[in-house]
Amino acid sequence: MAFTLYSLLQASLLVVNAVAVLHEERFLRHVGWGSDQGIGGFGEEPGIKAQLTNLIRSIRTVMRGKGTIYIIIIIIVLFLCFC
């Protein structure tokens, strides 16, 4: 399998989908990355943990419905290419 732009797009979409399916109460809270873990004071810069938690929450919000459609399209294209 050659390293192409399509394979890079496919890998990045699969990683984003993996982040989108992380459940906050089942997985993230057990490792200390829940929504109530990174609360800072007013005027303080958020730490890296709070920024990553916000990134995960944003990815989950954006990819809630669209991610499934994109993954289905990639699977159909893969089936058409290899059959």
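User: How far apart should the ends of helix H1 be, and what does the model give?
Analyst: At 1.5 Å a residue, the 16 residues of H1 (residues 5-20) should span 22 Å, and the end C-alpha atoms are 22 Å apart, so the two agree. The expected span is 1.5 Å times one less than the number of residues, and helices here are DSSP runs of H or I with at least four residues, numbered from the N terminus. This is a predicted model, where local features need pLDDT of at least 70, side-chain atom pairs need 80 or more, and totals for chains, interfaces and linings use all residues. Residues are numbered from 1 along each chain, and side-chain values use heavy atoms, without hydrogens or water.

User: Ok, which residues of H1 are buried?
Analyst: Ser7, Gln10, Leu13 and Ala20. Buried means under 20% relative accessible area and exposed over 50%, with partly exposed in between (1.4 Å probe, protein chains only).

User: Why are they on the same side of H1?
Analyst: Because they cover an arc of only 145° around the axis, going by the directions from the helix axis to the C-beta atoms.

User: And what's on the face turned away?
Analyst: The exposed residues Leu5 and Val15.

User: What covers the buried residues?
Analyst: The cover includes helix H3 (48-82), where contact means heavy atoms within 4.5 Å.

User: New topic: what lines the largest cavity?
Analyst: Glu24, Leu28, Thr53, Ile56, Arg57 and Arg60. H3 gives the largest share, four residues.

How values were computed. Helix = DSSP H or I, 4+ residues; strand = E, 2+ residues; numbered from the N terminus. 1 Å grid on protein atoms, 1.4 Å probe; cavity = no way out; pocket = protein on both sides within 12 Å on 5 of 7 lines; lining within 4 Å.
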